[in-house]
Each structure stands twice: as structure tokens, then as C-alpha cells.
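Please keep the sequence and the coordinates at hand while reading.

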Amino acid sequence: RLLDGQTSWGEIVDIQLFGGNVYLLDQTNNQIWKYIPEESGFAAPRNYISSDSVVGLQDATSFSIDGNVWVGTSQGEVIKFYSGKRDPFSLSGIDGGLGSIDSVFTDADSDFLYLLDSKLGRVVVVNKKDGNYVSSYQSKSFVGATDIALNVKSKYLYVLNNQKIFRTEIREAVLTEETP
């Protein structure tokens, strides 16, 4: 069944599920639309970002939800929201910074954010509490990649690139790991 409210959408760049709800990241309208399921489908979309949180999402590329909402941008920034309000967060200690964050991954079972920078062919891992660099996984196979996913329990990182999926084992204690 189609979600109601599609005519108000701008440029939707990502979709996430959390707590039974559907969330859409809308660059044009600087909004994250929240759809709550009902017996007959979904309720009308709600603005997740509160009206008193001024934020531009025109550079947003991807997002992930773990209770907080983490938005990655093409400018290498991570924007954090808690209960619809922007929460201070900044990245630090990343050698060379980040070009573009093409995909963001985290979940409630992880203490880390996984950030895909496909131009530099790497996935950078930062601590969710303070934004500090933890490790990175770099490979020529990651250049041009479009998405990442992680199985926290099995400790495998999956990278989608050009109709291929690459898998690498996550070892948090390793500062930098070169993958084949």
C-alpha cells in the first residue's frame, strides 16, 4: 500500500525503519517524514524535525536511526537529532577529514557510527558519544560504493559497490585495516 502524503515530498534520498515506523529523508523540504502504521495503512506523515530546529538538509545523503537520528551529508558532516531536535555533535580525529558521507550506519546495539566515504574508498568508524575517530576500513573496492550495512553480532561490514557486495570483518581495536 502506498504511503499517504506523497505529493508533499521533495527529493527523498533515503528510507529507514525504526520502532515500527517508516522515516523518509527529504532534502528539498529539510525534513524527515515520520509515518506511523495504522490498521488500514499509515497515518498522515508527521514532521520528525521540530519547527524550532533550523537545519538545512539540502546536502543530506543518508541517515540511520538508533533512537537518535544520524544524518550524513555530502560535505562530510554528521547531523544528530534527538526527539526531533538538533543535538550537538561533531567529528574529530579523522585523518584528512571526510569528503562526502555517502552512507551512514548504526543501530541500537552499536556504540559506533560507520560512515562511507566512497571517494576515498573507506568506511570510517567514530564513537557515537563524542564523535572521536576509532578506526577505518579502506579498499580500492570501496571507491564509488553506494551503501553499507553491518551485522553487529557477527561483526561483518558489507559494502555495496557496482552490483557487488564486499564483506570485511570488523575489529574495533584495529586503528586502520587494509582490505583486499
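Two strands are taken to pair if DSSP finds at least two bridges between them. The model is a predicted one, and in it three strands form an open sheet with antiparallel pairing, in the order β15-β16-β17.

**The sheet**

- The edges of this sheet are β15, covering residues 147-151, and β17, covering residues 164-169, each of which pairs on one side only.
- Neighbouring strands of the sheet are turned against each other by 20° on average, with direction ignored.
- Between β15 and β16, the latter made up of residues 156-161, there are five bridges, and the two strands run antiparallel.
- Within this pairing, D147 has L160 of β16 as its bridge partner.

**The largest nonpolar core**

- The largest nonpolar core holds 16 residues, among which Y114, V123, I148, L150, L157 and V159 touch the most other members.
- At least two residues of this core are supplied by each of β12 (112-117), β13 (122-127), β14 (133-138), β15 and β16, and the largest share, three residues, comes from β12.
- When neighbours within four places in sequence are left aside, the contacts of L157 are V123, Y137, I148, A149, L150, F166, R167, T168 and I170.

- As general background, nonpolar side chains tend to be buried together in soluble globular proteins.

How values were computed
Residues numbered from 1 in each chain as written. Predicted model: local features only at pLDDT ≥ 70, side-chain atom pairs only at ≥ 80, totals over all residues. Heavy atoms only, no water. Helix = DSSP H or I, 4+ residues; strand = E, 2+ residues; numbered from the N terminus. Axes fitted to C-alpha atoms, helices over the stretch in contact; angles between N-to-C directions. Core = buried A, V, L, I, M, F, W, Y, C linked by side-chain atoms within 4.5 Å. Buried < 20%, exposed > 50% of the residue type's maximum accessible area, 1.4 Å probe, protein only. Contact = heavy atoms within 4.5 Å.
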